[in-house]
Amino acid sequence: CRLEDLVLETPVQEMPALVGTPWSATGVNNGRGGVQSLAIGTEITALFADDGTLSGNDGCNDYNASYMIDGDAIEIMMGPSTLMACPEEIMTQASAYQAALGNATTFSVSGENLELRDDDGALQVSFVPQEMPELVGTMWSATGVNNGRGGVASLVAETEITALLAGDGTVAGSAGCNQYSAPYTV
């Protein structure tokens with residue numbers, strides 16, 4: 001296993017953009033004319049990919065959708081989601097969130113905030129970038145490894161590949177069997 005063959009999760013971009021930024025919701029339209037903060041202990045996420053797909057978690061279930069943008073106009077078409085049962089308050093919040101996504105017709109990214117609004121300008125969902133760990137000083141766990149044949153493979157069962165990038169330009173960790181260390185540059 002070579003360091004360059006590891007697939008590591010990456011931190012959020014410096015300047016948030018709609019596409020590619022992992023978003024965390026701060027408020028959801030409740031469908032009754034108001035925007036509510038999230039239920040305590042829940043997190044709602046959204047990731048708009050450059051291929052027109054949207055994925056995340058509605059506080060209870062993982063969801064998928066597709067979206068189209070034209071200028072600041074957006075159309076979100078909900079797709080499949082998992083079907084876990086959660087407490088009623090969380091299920092109500094999740095339903096309101098998915099409905100709010102479907103009601104959104106415009107978006108704006110201003111500073112650190114993403115807002116989705118409907119045709120009347122009513123706020124449907126507000127987001128901020130998800131807090132992500134720093135590259136240096138965080139112990140990273142690989143989620144996949146280049147298999148040498150043009151693909152990314154999952155890890156062998158019951159193994160863990162880690163990487164800890166130090167401020168002095170060295171990286172060290174476990175390759176799943178043996179420990180390693182090497183220099184790195186960013």
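Mentor: Let us start with a definition: two strands pair if DSSP finds at least two bridges between them. Bear in mind throughout that this is a predicted model.

Trainee: With that criterion, in which sense do strands β14 and β15 pair, and what is the bridge partner of L164 in β15?

Mentor: Strand β14 covers residues 162-165 and strand β15 covers residues 170-174, and two bridges are found between them.

Trainee: How far apart in space are G137 and E89?

Mentor: In sequence, G137 and E89 are separated by 48 residues. Taken from C-alpha to C-alpha, their separation in space is 38 Å.

Trainee: Turning to β10, which residue of that strand stands opposite A25?

Mentor: Strand β10 (residues 123-129) is mostly covered, with six of its seven residues buried. It pairs in the antiparallel sense with β2 (residues 22-29) over five bridges and, again in the antiparallel sense, with β9 (residues 113-117) over four bridges. L114 has F127 as its bridge partner in β10, and the residue opposite A25 is likewise F127.

Trainee: In the hairpin of β9 and β10, which residue takes a positive phi?

Mentor: This hairpin has five residues between its strands. The positive phi is near 85°, and the residue that takes it is G121.

Trainee: How many residues does helix α1 have, and how far does it reach?

Mentor: Helix α1 spans residues 88-103, and its buried residues include I90, A94, Y97 and L101. From its first C-alpha to its last, the distance is close to the 22 Å expected at 1.5 Å a residue. The helix has 16 residues and reaches 22 Å.

Trainee: What kind of aromatic pair do F48 and Y67 form?

Mentor: F48 lies in strand β4 (residues 45-48) and Y67 in strand β6 (residues 62-70), 19 residues apart, and the pair links distant parts of the chain. F48 counts as buried at 0% relative accessibility, and Y67 counts as buried at 8%. Their ring centres are 5.1 Å apart and their planes stand at 85°, so the pair is edge-to-face.

Trainee: And what kind of pair do Y97 and F127 form?

Mentor: Y97 belongs to helix α1 and F127 to strand β10, 30 residues apart, and both Y97 and F127 are buried. Together with Y63, these two residues form one aromatic cluster. The centres of the Y97 and F127 rings are 6.4 Å apart and the planes are at 80°, so this pair is edge-to-face.

Definitions and conventions: Residues are numbered from 1 along each chain as its sequence is written. This is a predicted model: local features need pLDDT of at least 70, side-chain atom pairs count only at pLDDT 80 or more; totals for chains, interfaces and linings use all residues. Side-chain values use heavy atoms; hydrogens and water are left out. The expected span of a helix is 1.5 Å times one less than its number of residues. Buried means under 20% relative accessible area, exposed over 50%, partly exposed in between (1.4 Å probe, protein chains only). Rings of Phe, Tyr and Trp (its six-membered ring) pair if their centres lie within 6.5 Å; planes under 30 degrees apart count as stacked, over 60 as edge-to-face and the rest as tilted.
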